[in-house]
Amino acid sequence: MITEDRRKVVLIGTGMVGMSYAYALLNQSVCDELVLIDIDEERAKGEVMDLNHGLAFSAANMKIYAGTYQDCNNADIVVICAGVAQKPGESRLDLLQRNTKVFRSIISPVTESGFNGIFLVATNPVDIMTRITCVLSGFNPRRVLGSGTALDTARLRYLLGEYFSVDPRNVHAYVIGEHGDSEFVPWSQAMFATKPILDICAQSKNRCSYQDMENISNQVRGAAQQIIKAKQATYYGIGMALVRITKAIFGDENSVLTVSAMLRGEYDEHGVYVGVPCIVNRNGVRKVLSLPLNEKELKQFKQSCKTLQDCYRDLNLQS
């Protein structure tokens, strides 16, 4: 729980995602103190130097330094971007098992430091890794959240804005479910202001169609692979998504964001971490919002949750 005026973030993992997040934090003046931790201590120190050299050009007055897990003691938010890359031919389960070992080496010293803030996880597969963070830390699930489908939702709104020539900030639509192949768009809940997008399509005299909406949904689902094919990795978008979540926490905004949160009865699901619209404030996830999904969408959502439950069960994690 955030109780002090000084906003402190500890970032664990200084790869491209972590540093895109750090760079956006600096440019948007989101926190007062930023600590970088990496198994490669020299890299963390180099990144700190690079960021500090830009402070003179920034409106921020941040204290940025390379630290240790003990620096988590009075942090408000610990953001985890650390993890291992998938090897050629490696199964998802094998990758998960290796990343679980990495997280064990992280979560234990963080909690032992006396950290009592909020965990924000970006490491993929983010829904599973967020659940693992919750289990290993023993924290209240409301104080452990993942980036979920926040970036997927931003991609959706961008594409819908392009399609309809409307400011994406006035598009109210979500991507929910696993941050992965089983994610989907509940079109019954997609709107411009208060007008349903499906009604707009129905009344458009074939200028737009449900099939076009499904094509946009497929573009969202395949966006990461398209970016990876072009430039080997994605990092700017997720870095900015993490900053948006961080701002909602520090600002006690009660903003609705599609983060990865534990379901405790919502949608008749229990114990699974999955991307859903949530009210986010200084305490983490204040509330999971249950959208009134239609029968088809509810079936899709339950299948996505089952995928995540099966994957976690196969991991056979012993806390």
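Predicted model: local features only at pLDDT ≥ 70, side-chain atom pairs only at ≥ 80, totals over all residues.

1. One of the residues that deserves a comment is R169, which counts as exposed at 70% relative accessibility, where exposed stands for over 50% relative accessible area, buried for under 20%, and partly exposed for what lies in between (1.4 Å probe, protein chains only). R169 forms a salt bridge with D167, and the closest N and O atoms of this pair are 2.9 Å apart. The term salt bridge is used here for a side-chain nitrogen of Lys or Arg within 4 Å of a carboxyl oxygen of Asp or Glu.

2. Residues are numbered from 1 along each chain as its sequence is written, and side-chain values use heavy atoms, with hydrogens and water left out.

3. A search of the whole structure finds 13 salt bridges. Among them is the pair K8 and E33, whose side chains meet at 3.9 Å, N to O. K8 belongs to strand β1 (residues 8–12) and E33 to strand β2 (residues 33–37), so this pair ties together parts that are 25 residues apart in sequence. Helices (H or I, at least four residues) and strands (E, at least two) are DSSP runs, numbered from the N terminus. Both ends of the pair are buried, K8 with a relative accessible area of 4% and E33 with one of 10%. R6 is linked with K8 and E33 in a network of salt bridges.

4. A further salt bridge joins the side chains of R313 and D310, at 2.8 Å from N to O. Both residues lie in helix α9 (residues 295–315), where they are 3 residues apart, about one turn of the helix. R313 is exposed, its relative accessible area being 53%, whereas D310 counts as partly exposed at 26%.

5. Which residues does D152 contact, leaving aside its neighbours within four places in sequence? They are V175, H179, E183 and V220, with contact taken as heavy atoms within 4.5 Å. D152 has its place in helix α5 (residues 150–164), and with a relative accessible area of 2% D152 is buried.

6. Is I37 buried or exposed? At 6% relative accessibility I37 counts as buried, and its place is in strand β2. Not counting residues up to four places away in sequence, I37 touches V10, L11, I12, G13, T14, G67, T68, Y69 and C72. As for R7, that residue and I37 are 30 residues apart in sequence and 17 Å apart in space, C-alpha to C-alpha.

7. The last point concerns an open sheet, which 3 strands form in the order β7-β8-β9 with antiparallel pairing. Strands β7 (171–172) and β9 (195–196) stand at the edges with a single partner strand each, so one side of each is left without a neighbour in the sheet. Two strands are said to pair if DSSP finds at least two bridges between them, and strand β8 (residues 191–192) pairs with β9 in the antiparallel sense over 2 bridges. For M191, the bridge partner in β9 is P196.
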